[in-house]
Amino acid sequence: MIPTEPPTPDRSIVPAKALGLDPDKEDVVDGIWDRIGPLEGRNRVASAFYDGPGWARFRPWERLFLGLQGGARRARRQILRHLDPLGPGARVLEVGIGDGENLRFLPSTWTVFGADLARNPLLGCIRRSPAMSGRLAWAEAESLPFADATFDACYSVGGFNYYRDHAQSLAEMARVTRPGGLLVVADELPHLKRFGIGHLIGRPKLDGVWLRALGLDLEFAAMVLDFAEDPEEAVVQSWPGAVRHSIWTGLGYCYSATRPDRPGPTPTHPSTLGDLVDDGAPFDRP
Ligand SMILES: C[S@@+](CC[C@H](N)C(=O)[O-])C[C@H]1O[C@@H](n2cnc3c(N)ncnc32)[C@H](O)[C@@H]1O
């Protein structure tokens, strides 16, 4: 008799309760778990933008940007490749999943879940990938509605710079990931605006004009101009041993980390953290 491999457990059908979602609450509408609360600060501004017409106006510029990086697959693989060590059948969570643009670049054997604070992109995600129905949560990164250690990996592509609370969302991503699981976060450099003509001639407010022309609404453009935090520093502080990878010809960053066995409190010794690997970015980190 030919010895057979033990069957791989089918992890694609996961009881919602095991994920921390309570099906008895009847809060699934259109295939989306409604776990959104009152939004504050940058999250309120972001949800208005991504749920409104601004994001659709801005999208062609994002596509152009990724096209100049060799196309969507190549540009996104610079980030998603850090999930490759996961085997077949992995269960992963994308935070800020939008309409699921990354799904087509992931192995079809994986079960992907998503969270996002904007509902229209989530609806778009289900339209594009009907299998995502029931696997999406309308929720903030800062308060993920999943049980501890639910996923083999948790990742975020874009949007992270303006998450309301970087440290809290990174802690949440680590919490819902199993010990030894993978963590990835990537975005464009947060201070690219400094290379805008307005900044270069000492009139930074002028850069609001081209940000609006790109499709950003008034509040989102103001938020970008006023933004003074360092999201990368939050990653280095929150995910011990996170490795920095320069992406998109130096215009973006990506951090990959392994979820430690025991999640500790936010580390207070930055000197021991953040093994920086920079692949030759043309711009220094601000
Ligand atoms: C630039 S889009 C990226 C979408 C998708 N990840 C991709 O790669 O195409 C950023 C997404 O993050 C979401 N987002 C922004 N802030 C968030 C937060 N604090 N919590 C959850 N989602 C957030 C937005 O609603 C938006 O859908």
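The structure is a predicted model. The chain comprises 9 helices and 9 strands. Of its 286 residues, 39% count as buried. Among the contacts in the chain with a separation of 6 or more, 71% are made by residues 24 or more positions apart.

On one hand, S6 pairs with S3 in the parallel sense, over 4 bridges. In this pairing, Leu-93 stands opposite Cys-154 of S6. On the other hand, S6 runs parallel to S7, to which it is joined by 6 bridges. Here Phe-151 is placed opposite Thr-177 of S7. The strands S6 and S7 also belong to a right-handed β-α-β unit, in which the helix is H5 (residues 166–175).

Strand S3 (residues 91–95) also pairs with S4, again in the parallel sense, over 5 bridges. Within this pair, Val-95 stands opposite Ala-115 in S4. Strand S4 is mostly covered, with 5 of its 6 residues buried. A further parallel pairing, over 3 bridges, links S4 to strand S5 (residues 136–138); in this case Gly-114 faces Leu-136 of S5. Together with helix H4 (residues 119–128), S4 and S5 form a right-handed β-α-β unit.

In helix H3 (residues 72–80), the residues Ala-75, Arg-76, Gln-78 and Ile-79 are buried. Seen down the axis of H3, these buried residues fall within an arc of 140°, so they line one face of the helix. An α-helix has 3.6 residues a turn, so residues three or four places apart point the same way.

In helix H8 (residues 218–226), Phe-220, Ala-221 and Val-224 are buried. These residues cover an arc of only 100° around the axis, which puts them on the same side of H8. The face of H8 turned away from this buried side carries Leu-218 and Asp-226, both of which are exposed.

The ligand is surrounded by 22 residues, of which the closest are Gly-96, Gly-98, Ala-141, Gly-158 and Gly-159. By class, the residues of this shell divide into 11 nonpolar, 6 polar and 5 charged. Helix H1 (41–51) and strand S4 (111–116) each supply at least two residues of the shell. The greatest contribution comes from H1, which provides 3 residues.

Key:
Residues are numbered from 1 along each chain as its sequence is written. This is a predicted model: local features need pLDDT of at least 70, side-chain atom pairs count only at pLDDT 80 or more; totals for chains, interfaces and linings use all residues. A residue is near a molecule or strand if its C-beta atom, placed from the backbone, lies within 6 Å of it. Ala, Val, Leu, Ile, Met, Phe, Trp, Tyr, Cys and Pro count as nonpolar, Asp, Glu, Lys and Arg as charged, and the others, Gly among them, as polar. A residue is buried if 20 or more other C-beta atoms lie within 10 Å of its own, exposed if 12 or fewer, and partly exposed in between; C-beta atoms are placed from the backbone. Two strands pair if DSSP finds at least two bridges between them. A crossover is right-handed if, with the strands pointing away from the viewer, the path from the first strand over the helix to the second runs clockwise. The arc is that of the directions from the helix axis to the C-beta atoms. Two residues are in contact if their C-beta atoms, placed from the backbone, lie within 7 Å.
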